[in-house]
Amino acid sequence: MAIRKSNKLPQTAVIKQILKRCSSLGKKQSYDEQDLPLDVPKGHFVVYVGENRTRHIIPISFLTRPEFQSLLHQAEEEFGFNHDNGLTIPCQEHVFQSLTSMLR
């Protein structure tokens, strides 16, 4: 599945925007002095998946994988990246878990 180019932001800018928003969002939890969630290890970020917006912590390295970029493109089309609700991935949770287990 090919990802079509958008004339919006360059991919690196979009990834930086995603990481900035996702690194400090989440359900009520403890934060460090830089306002980052303590339960998210370095090199990871949070996404929300499915109808119930289940919280998942995934490696940043997934951002470079074509399979995950396809999900990001779908998220951008459906929700956009300019909101305060965290990065929501528009797919069923079991599909997301299957995909991420293959990417690890």
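This is a short tour of a predicted model, to follow in your viewer one selection at a time.

**Before you start**

Residues are numbered from 1 along each chain as its sequence is written. Because this is a predicted model, local features need pLDDT of at least 70 and side-chain atom pairs count only at pLDDT 80 or more, while totals for chains, interfaces and linings use all residues; side-chain values use heavy atoms, with hydrogens and water left out.

**Stop 1: the whole chain**

Show the chain as a cartoon and look for three helices and three strands. Here helices (H or I, at least four residues) and strands (E, at least two) are DSSP runs, numbered from the N terminus. Starting at the N terminus, you will pass the elements in the order α-β-β-α-β-α. Of the 104 residues, 34% count as buried, where buried means under 20% relative accessible area and exposed over 50%, with partly exposed in between (1.4 Å probe, protein chains only).

**Stop 2: the hairpin**

Select residues 44-49, strand β1, and residues 54-59, strand β2: the two run antiparallel and are joined by six bridges. Strands are said to pair if DSSP finds at least two bridges between them.

- His 44 stands opposite Pro 59 in β2.
- Val 46 has Ile 57 in β2 as its bridge partner.
- Val 49 has Thr 54 in β2 as its bridge partner.

β1 and β2 form a hairpin with four residues between them. In the turn, click on Gly 50, which has a positive phi of about 80°.

**Stop 3: the sheet**

What is the order of the strands in the open sheet? The order is β2-β1-β3, with mixed pairing. β2 and β3 are the edge strands, each pairing on one side only. β1 and β3 pair in the parallel sense over two bridges, and Tyr 48 stands opposite Thr 88 in β3. β1 is mostly covered, with five of its six residues buried.

**Stop 4: helix α3**

Select residues 93-103, helix α3. This helix lies across β1, β2 and β3, and runs at about 15° to β2. Angles run from 0 to 180 degrees between N-to-C directions, and axes are lines fitted to C-alpha atoms, for helices over the stretch in contact.

Which residues of α3 are buried? They are Phe 96, Leu 99, Thr 100 and Leu 103. Viewed down the axis of α3, these buried residues fall within an arc of 95°, so they line one face of the helix. The arc is that of the directions from the helix axis to the C-beta atoms.

**Stop 5: where two helices meet**

Finally, select residues 66-78, helix α2, together with α3. Their axes come within 10 Å and cross at roughly 150°. Show the side chains of Glu 67, Phe 68 and Leu 71 in α2, which meet Phe 96, Leu 99 and Leu 103 in α3; contact means heavy atoms within 4.5 Å. The residues of this contact divide into five nonpolar, no polar and one charged. In this count, Ala, Val, Leu, Ile, Met, Phe, Trp, Tyr, Cys and Pro are nonpolar, Asp, Glu, Lys and Arg are charged, and the others, Gly among them, are polar.
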